[in-house]
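Reader: I would like to learn how to read a fold from its strands, rings and contacts. Can we go through one case step by step?

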Amino acid sequence: ITGAGNYTGTTTQTFIIVAKAASTLSIDAIASQTYTGSALTPTVVVKDGSTTLILGTDYTVGYSNNTNVGTATVTITGAGNYTGIKAQTFVIVAKAASTLSIDAIANQTYTGAAISPTVVVKDGNTTLILGTDYTVGYTNNTNAGTATVTITGVGNYSGTTTQTFTIAAKGLAITGLTGV
C-alpha cells in the first residue's frame with residue numbers, strides 16, 4: 001500500500017492464494033463408447049465455469065473399468081491451481097456381432113443326424129471364446145442342402161451374424177450283388 005494525500009510511504013501485507021477444489025469443476029458428458037477389446041480413453045473436457053482447463057497443466061486424468069461393456073470411470077486430479085479429484089462415468093456398449101467374421105465351414109456329408117461343425121469366430125485377428133463372447137445355433141443342419149450357423153453375441157458383443165455351410169448327400173454303396 002502506498003500512501004496518498006495525508007499519508008506517505010508504503011507498507012506490505014502478504015496473503016495466500018489456495019488451489020481451487022477440483023470438486024467445483026465440471027466435466028462434459030462423455031458419449032457412449034463401443035467395445036474394442038482395448039482400454040478406452042476418451043478425451044475429457046474439464047471446465048472451471050466457462051473456461052476450458054488444460055490437461056497436464058490444470059489436471060491429470062485416469063481411467064478405470066474402461067475395457068469391457070458396462071460403466072467406466074474417468075477421474076481427474078487437480079494440478080497447478082486446482083487440487084483434489086472429480087470423477088465422471090461413461091458407458092461402454094457391446095460391439096455388434098455383425099462386425100465379426102466366421103471362418104469358412106468345410107462341406108459336411110449327410111449322416112442322418114443333426115450336424116453341428118465347430119466354428120471359429122473372430123473379431124479382427126482375435127479368436128473369440130464360445131460361451132464367453134458368443135453362443136451358436138444351427139438351422140437346417142440335418143438333411144442335404146444348405147445349413148446355417150447363427151452366432152449370437154454375449155458379454156462384449158450383441159446381435160447376431162450367420163454363416164452357411166453345405167451338407168452333401170451321402171453316396172450309395174451297393175453291396176451283396178453276385179453274378180447270375
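Reader: What should I know before reading any value?

Author: This is a predicted model; local features need pLDDT of at least 70, side-chain atom pairs count only at pLDDT 80 or more, and totals for chains, interfaces and linings use all residues. Residues are numbered from 1 along each chain as its sequence is written, and side-chain values use heavy atoms, with hydrogens and water left out.

Reader: How many helices and strands does the protein have?

Author: Start with the term. Helices (H or I, at least four residues) and strands (E, at least two) are DSSP runs, numbered from the N terminus. Here there are zero helices and 18 strands.

Reader: What share of the residues counts as buried?

Author: Buried means under 20% relative accessible area, exposed over 50%, and partly exposed in between (1.4 Å probe, protein chains only). By that rule, 26% of the 180 residues count as buried.

Reader: And what do contacts say about sequence range?

Author: Contact means heavy atoms within 4.5 Å. Take the contacts between residues at least 6 apart in sequence: 45% of these join residues at least 24 apart.

Reader: Now the sheets. In what order do β3, β6, β7 and β9 stand?

Author: Two strands pair if DSSP finds at least two bridges between them. These four form an open sheet, ordered β3-β9-β7-β6, with mixed pairing. β3 (33–34) and β6 (59–64) are at the edges with a single partner strand each, so one side of each has no neighbour in the sheet.

Reader: Which of those pairs are parallel, and which antiparallel?

Author: Take them one by one. β3 and β9 are parallel, over two bridges; threonine 34 has valine 93 in β9 as its bridge partner. β7 and β9 run antiparallel, joined by eight bridges, and alanine 72 stands opposite phenylalanine 90 in β9. β6 and β7 (residues 70–78) also run antiparallel, with six bridges. There, glycine 62 has threonine 75 as its bridge partner in β7.

Reader: What does β18 pair with?

Author: One partner is β12 (residues 108–109), in the parallel sense over two bridges.

Reader: How do I read the aromatic pairs?

Author: Rings of Phe, Tyr and Trp (its six-membered ring) pair if their centres lie within 6.5 Å; planes under 30 degrees apart count as stacked, over 60 as edge-to-face, and the rest as tilted. The whole structure holds three aromatic pairs. One is tyrosine 35 with tyrosine 157: edge-to-face, 5.4 Å centre to centre, 80° between the planes. This pair links distant parts of the chain, with tyrosine 35 in the loop between β3 and β4 (46–48) and tyrosine 157 in strand β17 (residues 157–158), 122 residues apart. Both tyrosine 35 and tyrosine 157 are buried.

Reader: Where does the nonpolar core come in?

Author: A nonpolar core is a set of buried Ala, Val, Leu, Ile, Met, Phe, Trp, Tyr and Cys residues joined through side-chain atoms within 4.5 Å. The largest has 31 residues, of which Leu25, Val44, Val46, Val119, Val121 and Ile151 touch the most other members. β7, β9, β16 (145–153) and β18 (160–168) each supply at least two of its residues. Leaving out residues up to four places away in sequence, valine 119 touches Ile102, Ile105, Tyr134, Val136, Tyr138, Val149 and Ile151.

Reader: Is asparagine 156 buried or exposed?

Author: Asparagine 156 is buried, at a relative accessible area of 12%. Its place is the loop between β16 and β17. Its side chain makes a polar contact with the side chain of asparagine 68, at 2.9 Å. A polar contact is a pair of N or O atoms within 3.5 Å; within protein, one must be able to donate a hydrogen and the other to accept it, and residues adjacent in sequence count only if both atoms are side-chain atoms.
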